[in-house]
Amino acid sequence: MLILSGIVVVMAGFAARINPLLVIVVAALLTGLAAGLNIIEVVAALGKAFNDSRYISVVWLILPAIGLLERAGLQQRARTLIAGLRSATTGRLLMLYFTLRQITAALGLTSLGGHAQMVRPLIAPMAEAAAESRFGPLPDIWRQRVRAQAAAVDNIALFFGEDLFVAIGSILLIVGFLAGNGVTVAPLALALWAIPTALAAALIHGIRLHRFDRRLRRALSVPDLAGGATR
Amino acid sequence: MIGLGSVYLVAGLMFAGFALASARDRSHPKRWGHAAFWGLFALSFLLGDRLGDLANGALVIALVLIAGLGGLAPARPPATAATPAAAGNTGSGLGLLVTALAIPLVTLAGVLAAPRLQWREMPLIDPRHATLVSLMLGAAVAVLLGLLLLRQPPRAAVDEGRRLMDTVGWAALLPQMLAALGAVFALAGVGPVIGELAGRLAIGGPYASVVAYGLGMALFTMIMGNAFAAFPVMTAGIGLPLVVQAHGGDPVAMGAIGMLSGFCGTLMTPMAANFNLVPAALLELHDRHAVIKAQLPTALALLAFNIALMALVVYR
């Protein structure tokens, strides 16, 4: 049971909002020690694991390109484009992105999106502009909420879209694990079972975005209430 | 052949560029902290395979101490990005569009074409790492287009990249650190302990087993930050012995919907840093957990849906 001490440290550390990097290192060291390694072996194990996981940080290679785009005015372009569309609201725009992201992910095109590639340079500024063209400058608290919604849409649409694609990692993992336990399943059968949840995700999140629009309107269309007096 | 080695070399050079630019930035309040942090990260990419495990471990601890003890300054207001539009520097709409689309399209083309690109019987792109190599090519093409079509100075690629990198700050390291923690957990045998514990707690009828499996997938995913790590543990601990073997459930529906229940957990945990904490940093949100809060109602509703769906179909 001592081996679970690392998990306790992680939960307590995240709850107490201590710097997550410190929490992770302490948790890793504790877990290694609890498993009977000495401190040198634990540090070496952590070092090896970190080195083997470098591929995860390769995604930052796109930052110089995104930075150049922002410097050349991509965010302003995105804003002007949306400000010219009368029918655009934050919720409708995000639902359109949700649908596109979910469909492309279902076709295996998971790289057409993402927080650094799409949300920060395009989707978040567009969602903000849709609110600003209706209600004027956004109070900071609502700007923050709109941005958080934009990030949430990217995640939810991706998670509940990609499992419809038969060659995605999660489907292959299920097939492989069940095969290792003597159960043969076809990837296509697994992908079919992802359809009901994909539809439910679109419906539930669509309703929530619709209600987000309503909350925005209620909070911001009366000038006296602007500034986050609600909630 | 372009493989993981070339990708790490390019990434290492980029981080080294950020470190150098930080060190030369006299106006920066914490220039040496940033220079050391990105410099060590660059070292890991350039020489990580030659350092040995212990030195890599020391490198990790040094990185974490710099970040954890206040060696990095919070993101500064954009120095260059705010001005260009005013200076008449705005790129043409078409140039912006082409450059912005270059990253996803080149990545996609690279992934699709990798198996066919050959030169003298040798693959040009390492098929095992086609996605990462293609992402690097996409980023490189986009930078080139940015310099040519958008007429940006080459220096801006480093400066703007560093500006964004500093906006993300130490959170940039979180996904990789969490993966390393997961590997240490696996080495120490945390998974089987949890699986056994969950299996012992989850006694009951067919429907109670489904609820235990679905909730277990979501909860253990929240702990590990990753449904892929939770799936084998929970399926071996509860799914296969109880739902399938004891009560005759269908492993296909159980596995598929179980994984989706895990994804609901991913939406609710700071341990899934690349999905939940990194975007909060990228979007400059004051509340580190703002994205999780925005996702919480959808995640809970979908978890309930998934468990109900599994209960409905798994024993048909």
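Analyst: R151(B) is found in the loop between α5 (130–148) and α6 (154–168) of chain B. Helices are DSSP runs of H or I, at least four residues, and strands are runs of E, at least two, numbered from the N terminus.

User: What is phi of R151(B) near?

Analyst: Phi of R151(B) is near 50 degrees, a positive value in a residue other than glycine.

User: Is R151(B) buried or exposed?

Analyst: R151(B) counts as exposed because it has 12 C-beta neighbours inside 10 Å. The cut-offs: buried is 20 or more other C-beta atoms within 10 Å of a residue's own, exposed is 12 or fewer, partly exposed is in between, with C-beta atoms placed from the backbone.

User: How is this numbered, and what is the model?

Analyst: This is a predicted model: local features need pLDDT of at least 70, side-chain atom pairs count only at pLDDT 80 or more, and totals for chains, interfaces and linings use all residues. Residues are numbered from 1 along each chain as its sequence is written, while chains are lettered from A and ligands numbered from 1 in the order in which they are written.

User: Where is R17(A)?

Analyst: R17(A) sits in the loop between α1 (5–15) and α2 (20–34) of chain A. R17(A) has a positive phi of about 60 degrees, though it is not a glycine. With 11 C-beta neighbours inside 10 Å, R17(A) counts as exposed.

User: Switching topic. How many residues of chain A are in contact with chain B?

Analyst: 92 residues of chain A are in contact with 109 residues of chain B. Contact means C-beta atoms, placed from the backbone, within 7 Å.

User: Which helix gives the largest share of the chain A side?

Analyst: Helix α3 (residues 39–52) of chain A, with 11 residues.

How values were computed. Contact = placed C-beta atoms within 7 Å.
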